[in-house]
Amino acid sequence: MKRQLSLFLSRVVASSLAMVLALSAIGMFLVWVTRSVDSEDIGRQTEIAGYALKEIRSTLAHNQESSTFWDEAVQRTSTSGNEEWIDGNLGSWMHTFFGVDEAYVLDGRDLPVYAFAEEQLKSPAFFESRRDLLRPYLQRLRSGLAAGAKPTEESREQSIGITDYVYVGGRPAVFSLKPILSDSGRLAQPLANIRLHVAIQYLDGAIIDRVGKAHVLEGLRYVPAGEGK
């Protein structure tokens, strides 16, 4: 097996001094607490936290491709009776090894054929609770595939995709959409048949704790817009 939140970054200090940096666009704050009030240090750690957040986003897309850019994935998701394989490569396995919280496989009409959420298999219909949120991104990815778009060299990715920050059920999250494509290029894939993979990772749990520890950012956490001011 292969394995516009206005997102604001604020550093709150004991003296109530705060620096706020807009990072994207949907109303969330990334906050960490510190005792230092050195302005140069504040700026430096603000940059570090911004970099760490972007790293989470790019890593999610990169991890997806361990299973979405793969001949066998194309073959297995194109026919029925492969639910166990899909779960073991595109669902619960990604949760175990990469920390993906939700994973979905959509057919060529963007109808769900597989769903994983809340640490368990779900009926594919569970995806419908996410459809309105993701609909414009799905349409944009389909348009990119139809236009023959290619990933940029800077992305270091093997296939095009879309990532962004969103609220899912009131929780801050990052999502990534990827087409399931042949890595050898030998499999015929009509546009109308290309499956899509959806991965969602929440940003208010263990992943933020790990990022905070890795970059020595004490008390890193998200709070709703307005509470971090």
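Residues are numbered from 1 along each chain as its sequence is written, and side-chain values use heavy atoms, with hydrogens and water left out. Because the model is predicted, local features need pLDDT of at least 70 and side-chain atom pairs count only at pLDDT 80 or more, whereas totals for chains, interfaces and linings use all residues.

Six strands form an open sheet in the order E6-E5-E4-E9-E8-E7, with antiparallel pairing; strands (E, at least two residues) and helices (H or I, at least four) are DSSP runs numbered from the N terminus, and two strands are taken to pair if DSSP finds at least two bridges between them. Strand E6 (120–122) and E7 are the edge strands, each pairing on one side only, and the twist from one strand to the next averages 20°. Within this sheet, E4 pairs with E9 over five bridges in the antiparallel sense, Glu102 standing opposite Ile200 and Val105 having His197 as its bridge partner. E4 also pairs with E5, again antiparallel, over four bridges, and here Tyr104 stands opposite Ala115. The hairpin of E4 and E5 has five residues between the strands, and in it Asp110 takes a positive phi near 65°.

In a regular strand the side chains alternate between the two faces of the sheet. Both faces of E4 are covered, with Glu102, Tyr104 and Leu106 buried on one side and Ala103 and Val105 buried on the other; buried denotes under 20% relative accessible area, exposed over 50% and partly exposed the range in between, with a 1.4 Å probe and protein chains only.

H3 is mostly covered, six of its eight residues being buried, among them Trp85, Ile86 and Leu90.

The largest nonpolar core has 24 residues, and those with the most contacts inside it are Tyr104, Phe175 and Val198; such a core is a set of buried Ala, Val, Leu, Ile, Met, Phe, Trp, Tyr and Cys residues joined through side-chain atoms within 4.5 Å. Two or more residues are given to this core by each of strand E4 (102–106), strand E5 (112–117), helix H5 (128–146), strand E7 (162–168), strand E8 (171–179) and strand E9 (196–202), and the largest share, five residues, comes from H5. A second, separate core of 21 residues includes Trp85, Leu90, Met94 and Ile180.

Arg130, found in helix H5, counts as buried because its relative accessibility is 13%. With residues up to four places away in sequence again not counted, Arg130 touches Glu102, Tyr104, Val168 and Tyr202.

Terms used: Axes fitted to C-alpha atoms, helices over the stretch in contact; angles between N-to-C directions. Contact = heavy atoms within 4.5 Å.
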